[in-house]
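Subject: Structure handover

Hello,

Here is the structure for your files. Please open it alongside this note.

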Amino acid sequence: MPFRPSHSLLDCELLNLASAFCQLQLPFFFIPLVEMASTTLICDTQPWKDLKAHTEDIKKTHLRDLMNDKERCESMMVEFDGMFLDYSRQCATLETIDKLYKLAEAASLKQQINRMYSGEHINSTENRSVLHVALRAPRDAVINSDGKNVVPDVWNVLDKIKDFSEKVRNGSWVGATGKPLKDVIAIGIGGSFLGPLFVHAALQTDPEAVEFAKGRQLRFLANVDPIDVARNIAGLNPETTLVVVVSKTFTTAETMLNARTLREWISSALGPSAVAKHMVAVSTNLTLVEKFGIDPNNAFAFWDWVGGRYSVCSAVGVLPLSLQYGFSIVEKFLKGASSIDEHFRSAPFEKNIPVLLGLLSVWNVSFLGYPARAILPYSQALEKFAPHIQQVSMESNGKGVSIDGVPLPYEAGEIDFGEPGTNGQHSFYQLIHQGRVIPCDFIGIVKSQQPVYLKGEVVSNHDELMSNFFAQPDALAYGKTAEQLLKENVSQHLIPHKTFSGNRPSLSLLLPSLNAYNIGQLLASYEHRVTVEGFVWGINSFDQWGVELGKSLATQVRKQLNASRTKSEPVEGFNFSTTTLLTRYLQASSDIPAEPPTLLPRI
Ligand SMILES: O=P(O)(O)OC[C@H]1O[C@](O)(CO)[C@@H](O)[C@@H]1O
């Protein structure tokens with residue numbers, strides 16, 4: 001285990017434990033002494049303290065000067081399997097990077113990565129291994145969980161998906177009325193939605209994938225807002241639609257209500273027996289799948305060692321994407337992810353893209369004090385990348401205690417947001433240039449998947465886009481001084497407004513193209529980056545207890561709404577604010593009958 005020194009208590013540690021016990025409202029003397037001696041935090045280590053002290057040196061530097069050091073810049077560029085990372089625009093020197101490697105060592109990063117790959121139960125609060133890497137491992141790989149090689153199970157499901165998706169696509173699996181199923185609605189939320197949506201959006205512009213998707217539609221129903229149901233079924237015919245219910249637990253309230261709604265949509269149009277031909281499921285909970293009325297033979301399994309937000313490479317993503325694009329395209333995506341898995345596991349830290357990305361994030365968040373990160377792909381096809389990484393990162397690392405349950409005296413996690421360039425430039429970049437400092441990830445693609453050239457234009461449309469990709473990082477790094485503005489004869493009173501302080505960090509990631517393989521590489525790089533951050537911060541990046549409280553409070557509200565509507569019971573048991581809001585809501589919608597007939601949207 002990392003961070004378990006046998007030496008006596010360190011100051012920061014004692015403070016943390018005391019505050020943990022204060023939160024539990026137990027007297028401090030109740031702390032078991034053995035526990036006191038066994039738990040420490042990364043902030044207690046010498047490399048962390050060295051980095052803290054080092055921030056004073058960094059504050060004296062400016063990227064304008066750092067960028068002049070060619071040797072420094074050269075050693076801040078890494079290439080792997082066609083991906084090129086340039087992190088020379090980070091507010092960091094070679095000494096910083098060296099100190100970050102020492103921090104990684106203090107965090108036992110290498111050992112923690114190995115523990116993940118060897119199937120140890122590193123998700124300790126759920127007592128599970130974390131093996132999304134097994135989802136894209138080659139057929140002959142051996143990856144054990146609880147003493148069993150899980151790779152054959154993974155490939156059994158992949159083979160089943162290949163077979164099923166081919167049958168649907170070639171028309172040998174047809175709907176209840178004998179018509180081919182050309183449209184798919186995937187119902188799921190969170191990790192059972194965002195990853196597949198990101199990959200779908202990206203593949204939609206890859207010419208090879210587009211060719212395979214001709215005549216087919218894939219839609220995603222996530223929100224329990226009935227408007228999302230309405231939008232999803234608009235223009236679709238139940239006779240030619242296949243519904244895939246995707247839920248790891250098969251208990252998520254939103255997904256299950258949406259699944260019951262679409263089951264009603266199908267059975268009211270085609271009769272209840274049509275469900276067998278028009279609904280399939282992806283889940284770890286095959287018992288509940290059967291209970292719902294979906295034949296377990298039409299269910300595609302995955303396993304509790306796959307976290308929801310890390311599940312896009314399981315049947316969660318592979319099934320809907322194979323139905324849309326064919327299994328061969330999706331297999332390329334898996335291979336791209338697998339290539340990064342191997343790189344992450346084996347490359348030395350200096351050449352290891354996910355490790356470098358993760359360490360730089362820790363540097364920005366924990367030492368330079370920049371809590372947010374902007375993900376800025378200069379590719380419209382990556383429009384759903386930032387929303388997906390938002391979940392991967394913020395649900396994984398948004399934690400307040402260490403893996404041992406000690407409250408953290410430092411902030412973990414980061415605030416992720418982003419939009420494709422250049423749209424973002426006309427939206428929130430103002431704040432990034434002259435307001436707050438937000439480290440940016442610029443992601444560029446060398447060859448456009450949809451090139452456009454116009455005779456007489458100075459550059460192609462893609463070059464126009466990429467001109468911005470190359471310009472923005474320098475604008476952020478160098479800024480613009482008052483002296484420069486004076487030379488340009490800018491009026492005195494405008495100088496403060498037109499000055500750019502610069503010294504704003506970014507990194508640039510260049511991908512050769514945006515095909516299925518590269519999309520897999522990008523996904524795995526970010527997944528592992530988040531893991532690296534979590535390992536260094538000493539937290540459990542693989543649980544998500546923070547989502548539970550809101551869910552259970554919603555259960556109370558649901559009961560109240562039912563009681564008030566059907567039995568006119570008054571709103572009770574809530575605070576003044578919620579009581580007022582609920583009462584107002586009920587009164588203003590009192591024209592809705594207590595038990596209305598089944599109603600489906602009709603857009
Ligand atoms: O796949 P399920 O079990 O429906 O869960 C959906 C999502 O809900 C969450 O548990 C959060 O509420 C995510 O972690 C998960 O991806």
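Below is what turned up, element by element.

This is a predicted model, so local features need pLDDT of at least 70 and side-chain atom pairs count only at pLDDT 80 or more, while totals for chains, interfaces and linings use all residues. Residues are numbered from 1 along each chain as its sequence is written, and side-chain values use heavy atoms, with hydrogens and water left out.

Helices and strands are DSSP runs (H or I of at least four residues for helices, E of at least two for strands), numbered from the N terminus.

**Helix H15**

H15 spans residues 315-325. Of its 11 residues, 11 are buried, so the rest of the structure largely encloses this helix. Buried means under 20% relative accessible area, exposed over 50%, and partly exposed in between, with a 1.4 Å probe and protein chains only. The buried residues of H15 include Pro320, Ser322, Gln324 and Tyr325. Gly326 follows H15 and has a positive phi, near 90 degrees.

**Arg136**

Arg136 sits in the loop between helix H7 (109-117) and S3. Is Arg136 buried or exposed? Arg136 is buried, at 4% relative accessible area. Contact means heavy atoms within 4.5 Å. Leaving out residues up to four places away in sequence, Arg136 touches Cys313, Leu334, Ala337, Ser338, Asp341, Leu523, Ala524, Glu527 and His528. Pro47 is 89 residues from Arg136 along the chain, and their C-alpha atoms are 35 Å apart.

**H24 against H25**

H24 covers residues 548-567 and H25 covers residues 576-588. Their axes come within 11 Å and cross at roughly 40 degrees. Axes are lines fitted to C-alpha atoms, for helices over the stretch in contact, and angles run from 0 to 180 degrees between N-to-C directions. The two helices are therefore oblique to each other. On this scale, under 35 degrees is roughly parallel, over 145 roughly antiparallel, 65 to 115 roughly perpendicular, and the rest oblique.

The crossing of H24 past H25 is right-handed.

Which residues in H24 meet H25? They are Val557, Gln560, Leu561, Ser564 and Arg565, and they face Leu582, Tyr585 and Leu586 in H25. By class, this contact has five nonpolar, two polar and one charged residues. Ala, Val, Leu, Ile, Met, Phe, Trp, Tyr, Cys and Pro count as nonpolar; Asp, Glu, Lys and Arg as charged; the others, Gly among them, as polar.

**Cysteines**

A disulfide is a pair of cysteine sulfur atoms within 2.5 Å. The count by this rule is zero. Cys91 is in no disulfide, and the nearest cysteine sulfur, that of Cys440, is 11 Å away. Cys91 is buried, at 3% relative accessible area.

**Backbone points to check**

Most residues other than glycine have a negative phi, and most peptide bonds are trans.

- Gly421 to Thr422 is a cis peptide bond, with omega near 10 degrees. Thr422 lies in the loop between strand S11 (415-417) and helix H19 (429-434).
- Asp146 has a positive phi, near 50 degrees. Asp146 is in the loop between strands S3 (144-145) and S4 (148-149), and is exposed at 62% relative accessibility.
- Asn489 also has a positive phi, about 60 degrees. Asn489 is in the loop between helices H21 (482-487) and H22 (495-498), and is exposed at 69%.

Best wishes

Note on methods. Left-handed = near helix turned anticlockwise from the far one by under 90°.
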